[in-house]
Amino acid sequence: PDNVFLEIINGTRHANIHFRSDSFVVFDDAFGVSDIHIEVCPTELVEDISKLNGSHLPMIEGTTCESFP
């Protein structure tokens, strides 16, 4: 099935990207309900929250407002 977020992360779908790192991509929500509505997506595909484990802690702990310029 199509995965819009994965397509944006892989660069095969256009998005207004504000920040990209090895861990995250930050971009405008195409259908945002406010003037500023962004998506923060990990670059690593995690099927669902039940699949998270200890190896994902650095990714989760690195998700703070200070992580992004």
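Leaving aside neighbours within four places in sequence, with which residues is isoleucine 8 in contact? Contact, defined as heavy atoms within 4.5 Å, links isoleucine 8 to Arg13, His14, Ala15, Arg20 and Phe27. The model is predicted, with local features requiring pLDDT of at least 70 and side-chain atom pairs counted only at pLDDT 80 or more, whereas totals for chains, interfaces and linings use all residues. Residues are numbered from 1 along each chain as its sequence is written, and side-chain values use heavy atoms, with hydrogens and water left out.

The largest nonpolar core has six residues, namely Ile8, Ile9, Ala15, Val25, Phe27 and Cys41. At least two residues of this core come from each of α1 (4–10) and β2 (24–28). Such a core is a set of buried Ala, Val, Leu, Ile, Met, Phe, Trp, Tyr and Cys residues joined through side-chain atoms within 4.5 Å; buried denotes under 20% relative accessible area, exposed over 50%, and partly exposed the range in between (1.4 Å probe, protein chains only). Helices (H or I, at least four residues) and strands (E, at least two) are DSSP runs numbered from the N terminus.

One aromatic pair is found in the whole structure. Phenylalanine 5 and phenylalanine 27 are tilted, at 6.3 Å centre to centre and 40° between the planes (ring centres of Phe, Tyr or Trp, the latter by its six-membered ring, within 6.5 Å; stacked under 30 degrees, edge-to-face over 60, tilted otherwise). Because phenylalanine 5 lies in helix α1 and phenylalanine 27 in strand β2, the pair ties together parts 22 residues apart in sequence. Phenylalanine 5 is partly exposed at 40% relative accessible area, whereas phenylalanine 27 is buried at 2%.
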